[in-house]
Amino acid sequence: MDETLYMMALSCLRGISRSKLLQLYRHWGSAAAVCERTRKELAPEWTEALKRASEEMEFCLRKDIRVLTPDSPDYPVRLKECEDAPPVLFFHGNSSLNTRHVISVVGTRRISEYGKDICQDFINNISDLLTDILIVSGLAYGVDIHAHRACTKKDLPTVGVLAHGLDRIYPSTHRDTAAEMVRNGGLVTEYMRNTNPDKGNFVRRNRIIAGMCDATVIVESAEKGGALITARLAQDYNRDVFAFPGRIGDEYSTGCNNLIRQNGAALITSAEDLVEAMGWNSRHRKTQTAQRELFPELTETEQRLCELLRGSDGTQINVLVAQMQLPVSQISAALFELELKGMIKAISGNRFRLLS
């Protein structure tokens with residue numbers, strides 16, 4: 001049986017949680033091995049689970065939906081390193097989920113004119129400053145949909161993370177925007193068909209928004225809300241969190257102002273602030289065109305890391321993992337060796353810089 005189908009069937013079983021499934025998968029090394037060791041105790045449900053998985057696979061093939069498991073090369077590498085990463089993702093779209101720069105933009109559903117202006121300006125400016133960028137949000141009312149629509153206007157790839165299956169779009173009023181996103185970006189979810197957009201699903205999908213990105217940007221938020229949950233999750237995953245400040249007393253700026261005051265987010269007022277804080281090279285900066293140098297005393301992995309770090313003010317390890325498509329443990333070990341050899345230096349923000 002196909003490994004992907006095994007994983008889909010296992011994720012259908014009520015007797016095993018997604019987090020437990022991922023734990024078992026990482027321990028035993030494959031979905032087939034997990035199935036072999038759990039099939040007896042879960043036998044009453046296995047036939048129905050396999051039937052549902054097979055039907056879902058047929059649906060995905062008909063609708064050009066990619067089924068991604070942690071072993072898939074297209075699975076988001078940043079998300080894969082999170083302890084509660086989804087064992088299965090369904091992706092309908094054309095963009096890479098492992099683009100060099102991945103940013104989530106989230107906030108209140110009750111967006112103000114101030115928030116709309118921030119979304120538009122941030123997307124316009126970030127697309128001018130950076131190449132190879134993906135904007136992620138949740139296709140919800142308010143900040144989410146305004147960020148997505150600003151991206152489609154700029155022809156900037158954007159992905160919506162859904163709290164239900166790909167057999168529907170919720171809210172239905174965002175259907176046209178979702179169709180545009182599929183052409184340049186996409187829609188991703190951990191849920192199969194016939195899954196209702198229940199409240200708990202929205203909370204769980206926030207971990208995907210936070211985990212698959214390098215940084216999370218909060219535009220507007222009340223004192224409580226889903227955006228603050230996303231910010232907390234991003235912090236738990238050791239991701240950078242940024243917030244736009246708002247006017248004192250404005251209900252939907254309270255959450256952002258509190259995050260900044262409590263050091264839960266760095267204050268930014270522009271896309272330039274984020275690019276500088278992340279240590280990303282702006283496309284407007286003078287680039288070095290020197291020919292690659294080879295370091296014969298380095299391993300192949302170490303040489304590749306040096307080449308990727310060349311000309312950068314500092315690159316996060318998550319970005320390096322995404323670019324090299326290698327396990328984070330292998331990248332960490334190579335970076336440690338390069339530090340010992342005096343080739344690179346660790347700097348703030350879990351970033352690394354090549355020494356001249």
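Student: How many bridges join strand 2 to strand 6, and do they run parallel or antiparallel?

Tutor: In general, strands of a sheet pair through backbone hydrogen bonds, either parallel or antiparallel. Two strands count as paired if DSSP finds at least two bridges between them, and strands here are DSSP runs of E with at least two residues, while helices are runs of H or I with at least four, both numbered from the N terminus. In this case four bridges join strand 2 to strand 6, and the two run antiparallel; H92 stands opposite L187 in strand 6. Keep in mind that this is a predicted model, in which local features need pLDDT of at least 70 and side-chain atom pairs count only at pLDDT 80 or more, whereas totals for chains, interfaces and linings use all residues. Residues are numbered from 1 along each chain as its sequence is written, and side-chain values use heavy atoms, with hydrogens and water left out.

Student: Which strand order does the open sheet of nine strands have?

Tutor: The order is 1-2-6-5-4-3-7-8-9, and the pairing is mixed. At its edges lie strand 1 (66-68) and strand 9 (266-267), each of which pairs on one side only. Strand 1 is joined to strand 2 in the antiparallel sense over three bridges, with F91 in strand 2 as the bridge partner of R66. Elsewhere the sense is parallel, as for strand 5 (residues 158-161) and strand 6 (residues 185-189), which pair over four bridges, V159 standing opposite G186 in strand 6. Helix 8 (residues 175-183) packs on this sheet and touches strand 2 (89-93), strand 5 and strand 6, where contact means heavy atoms within 4.5 Å. The direction of helix 8 makes about 110 degrees with that of strand 6.

Student: Why is strand 3 described as largely enclosed by the rest of the structure?

Tutor: The idea rests on relative accessible area: buried means under 20%, exposed over 50%, and partly exposed in between, using a 1.4 Å probe and protein chains only. Six of the six residues of strand 3 (residues 101-106) are buried, so strand 3 is largely enclosed. Both faces are covered, with H101, I103 and V105 on one side and V102, S104 and V106 on the other. On the pairing side, strand 3 runs parallel to strand 4 (residues 133-137), joined by four bridges, and V102 has L134 as its bridge partner. Strand 3 also pairs with strand 7 (residues 215-218) in the parallel sense over four bridges, where V105 has V217 as its partner.

Student: Through which helix does the chain cross from strand 4 to strand 5, and what is the handedness of this crossover?

Tutor: A crossover is called right-handed if, with the strands pointing away from the viewer, the path from the first strand over the helix to the second runs clockwise. Strand 4 and strand 5 run parallel and are joined by three bridges, with V136 opposite V159 in strand 5. The chain passes from strand 4 through helix 7 (residues 143-153) to strand 5, and this β-α-β crossover is right-handed. The crossover from strand 5 through helix 8 to strand 6 is likewise right-handed.

Student: At what angle do helix 6 and helix 12 pack?

Tutor: Helix 6 (residues 113-129) and helix 12 (residues 271-278) pack at about 45 degrees, their axes 8 Å apart. Angles under 35 degrees count as roughly parallel, over 145 as roughly antiparallel, 65 to 115 as roughly perpendicular and the rest as oblique, and helix 6 and helix 12 are therefore oblique to each other. Their contact is made by F122, N125, I126 and L129 of helix 6 together with A271, E272, L274 and V275 of helix 12.

Student: Which residues make the contact of helix 2 with helix 3?

Tutor: The axes of helix 2 (residues 18-28) and helix 3 (residues 31-38) come within 8 Å and cross at roughly 110 degrees, and the two helices are therefore roughly perpendicular. L21, L24, Y25 and W28 of helix 2 meet A31, A33, V34, R37 and T38 of helix 3.

Key: Axes are lines fitted to C-alpha atoms, for helices over the stretch in contact, and angles run from 0 to 180 degrees between N-to-C directions.
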